[in-house]
Amino acid sequence: MFKRFPLFFLCAVLFSGCATHPKHTPAAVETAETLGLPASSQPPIAPQWWSALNDAKLDGLIDTALARSPDLAAAQARLRQAQAGADLADSQRGVKIGLGLSGVKIGLGLSGALLHRDGVNEREKPELISDLEKRLLGDHGTNITYESLQLQGQWSPDVFGKYKHQLEAALGQQRAVEYEIAQTRLLLAQGVATYYRQWQLLLETRQRVAQRAQLNREREQVVRELIRAGQVAPSRLYAVQQGNSRFQAALSDLDGNIAQIRHALAALTGQPAQALDTFTPNPATTTPAPPVSQLTADLLGKRPDLAAQREALTARRHLV
């Protein structure tokens, strides 16, 4: 029975190699035809896309936000770390040659050994020490120097491509962090531009409400004159005064919303909450229309967050 066991085990191994495995259905790949977009490539988007709005105050706020952002500083620190990792991985490949120089200097003075010798007159100690050093050391002095120059070389053959894949993984991580920096810059610029645009629209709305409130106050004066002249009933004044109250409440709400936008924009640009109290945005202008008819299939792949994920996955594949 025990002699048949190796034969049974061998047959089991052979039959297990013939076992069928479930087939994985590949994921559907979107193409330009399925998306209904032209297949031509789109030129790269300018890093400072907000300059197309032609607003110097907006440019200054975005520049301040990019210069003071802690998230962007942290991303740049990760980039320097990734670059150091790439340099370290690259140093493992090829032939490495190093040159080293070292030296040692030894002092052979006899003063410390003879200063505590008994039976020697204190006045005769310096002369005795000098005479003994000359006899023992001759003309070479009291110091001996050893120097060495070393030339070192190292070569690690990359038989299985280990160092190559480590370098590709490190470079992939570096590119992923670069895309993360681009994504951080994009989100900061978008946030500043969004708050700035909301501020402009709130100021426009407040201006229109203030104009209507002024007209209603003028209407109140007219109604008072008509009531004094007996042309209309005094009850007509109540409706006009209610309109003034509604306009004042609307202006108060708008001022509160403007203060919130102003404080949020100050925080986003890395400034104190009161830094923009005396700041007023330029009047809103017509924004450029997006080229919807010119959208291409490769536009989605240019998003920095998606590109960062793609590079990170590629880097992990090299570490398998």
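The protein exposes about 23,500 Å², with carbon and sulfur atoms supplying 58% of that area (Shrake-Rupley method, 1.4 Å probe). Of its 320 residues, 22% count as buried, meaning under 20% relative accessible area. This is a predicted model, where local features need pLDDT of at least 70, side-chain atom pairs count only at pLDDT 80 or more, and totals for chains, interfaces and linings use all residues. Residues are numbered from 1 along each chain as its sequence is written, and side-chain values use heavy atoms, leaving out hydrogens and water.

On to the fold: 9 helices and 2 strands make up the pattern α-α-α-α-β-α-α-β-α-α-α along the sequence (DSSP runs numbered from the N terminus: H or I of at least four residues for helices, E of at least two for strands).

Helix 7 covers residues 162–229 and reaches 100 Å from its first C-alpha to its last, close to the 100 Å expected at 1.5 Å a residue (1.5 Å times one less than the number of residues). After helix 7 comes G230, with a positive phi near 80°.

Helix 7 also gives the most to the lining of the second largest pocket. A pocket here is an open set of points on a 1 Å grid over the protein atoms alone, with protein on both sides within 12 Å along at least five of seven lines; lining residues have an atom within 4 Å of a point. The space in this pocket is about 250 Å³, and among its 16 lining residues L53, L58, R197, Q200 and T287 are the closest to its centre.

| Lining class | Count |
|---|---|
| Nonpolar | 7 residues |
| Polar | 7 residues |

How values were computed
Buried means under 20% relative accessible area, exposed over 50%, partly exposed in between (1.4 Å probe, protein chains only). On a 1 Å grid over the protein atoms alone, a cavity is a set of points where a 1.4 Å probe fits but cannot get out, and a pocket is an open set with protein on both sides within 12 Å along at least five of seven lines; lining residues have an atom within 4 Å of a point. Grid points are joined across faces, edges and corners, and a volume is the space filled by probe spheres set on the points. Ala, Val, Leu, Ile, Met, Phe, Trp, Tyr, Cys and Pro count as nonpolar, Asp, Glu, Lys and Arg as charged, and the others, Gly among them, as polar.
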